[in-house]
Every structure is written in C-alpha cells, then in structure tokens.
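Please walk through this model with me, one element at a time. We start from a single residue and then widen the view.

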Amino acid sequence: MITPRCHLITFKNESGFSMVEVLMAMAIFAIGFLGVSTLVIATTKNNTTSNIMTQASMLAREKVEHLKALPLTDLEDACSDDIEPEVLHKIYKRDCEVTTLSSTMKSIEVRVRWKRRGQNRSVVLETTTRGYGK
C-alpha cells in the first residue's frame, strides 16, 4: 500500500500587490485628482466671470446702438429718461450720459454696473455720433 505524501506548495515569487503599494498608488492618484479638480473649479469661475462681462458689454452696446440711431435732438431726452438706472436681469444697472461736442456732434457714454463677490464692477462704452446712425 502506498501512503499519500502531503506536499506543501509554496510560492517563492508571488505576483500580487502589498498593502503598502496599494496605499501609495491611492495617495498618488488622490494628489493628481486634487490638482485636476482645482483646475476645473478655477476654469468654471473664469467662465462665469467672462459670461457676466460679455452680457454687460452686450447690454451697453445695445443701448449705444439705440441712441446712435436717434436724431441728435432726441439723444438727451432718451438719456434723461434713464435718471434712475435701468435694472436688467436682476444684477445689472445701465445708465447713459450725453455730452454736446458741437452743433453737429455729441458724445454718448453708456455704463453698465453690477456687483460681484462684494466688489463693484462696470463696463463703459463711449462713442460719438452725428445722429441717425452716423
């Protein structure tokens, strides 16, 4: 009769990861992820600021184009209607000022103001006109 022999199988070259290696890989990944998330947050803030600035510029340009299309005699009346600044989109205030340069030319200044992060911001567009879109 043959007696079974118990053989212990041992591996001398294990190919798994130790706990320390896994923790180090997770730490490196976390540091990289924090860097990327910081970049995403900064990009989002810059995009929001740019969007607000673009809207303010467009509101100012819209008013300038409207005023330039009027005859010279109506410009001051159109801006005097804006003694109290217009409130647009709940955050912008727009007002204008007309200055007479000569009998045939006037200067128009349109200001759009808003408050962001506790600071007052504004966009100012200034142009000259001879009336009727000229």
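Ser107 has a relative accessibility of 8%, so this residue counts as buried. Buried means under 20% relative accessible area, exposed means over 50%, and partly exposed lies in between, with a 1.4 Å probe and protein chains only. The model is predicted: local features need pLDDT of at least 70, side-chain atom pairs count only at pLDDT 80 or more, and totals for chains, interfaces and linings use all residues. Residues are numbered from 1 along each chain as its sequence is written, and side-chain values use heavy atoms, with hydrogens and water left out.

Ser107 sits in strand 3, residues 105-116. Helices (H or I, at least four residues) and strands (E, at least two) are DSSP runs, numbered from the N terminus. What does Ser107 touch, not counting residues up to four places away in sequence? The contacts are Glu97, Val98, Thr99, Leu101, Glu126, Thr127 and Thr128. Contact means heavy atoms within 4.5 Å.

Four strands form an open sheet in the order 1-2-3-4, with antiparallel pairing. Strand 1 (86-88) and strand 4 (119-129) are at the edges, each with a single partner strand, so one side of each has no neighbour in the sheet. On average, neighbouring strands here are turned by 25° against each other, direction ignored. Two strands pair if DSSP finds at least two bridges between them. Strand 1 and strand 2 run antiparallel and are joined by three bridges. Glu86 has Arg94 in strand 2 as its bridge partner.

Two helices pack on this sheet. Helix 1 (residues 19-68) touches strand 1, strand 2, strand 3 and strand 4, and its direction makes about 150° with that of strand 3. Helix 2 touches strand 2, strand 3 and strand 4, and its direction makes about 145° with that of strand 2. Axes are lines fitted to C-alpha atoms, for helices over the stretch in contact, and angles run from 0 to 180 degrees between N-to-C directions.

The structure holds one disulfide, a pair of cysteine sulfur atoms within 2.5 Å. The bond joins Cys79 to Cys96, with S to S at 2.0 Å. Cys79 lies in helix 2 (residues 72-80) and Cys96 in strand 2 (residues 92-102), so the pair ties together parts that are 17 residues apart in sequence. Why is this disulfide called left-handed? The torsion about the S-S bond of Cys79 and Cys96 is about -135°, so the disulfide is left-handed. Cys79 is buried at 8% relative accessibility, and Cys96 is buried at 12%.
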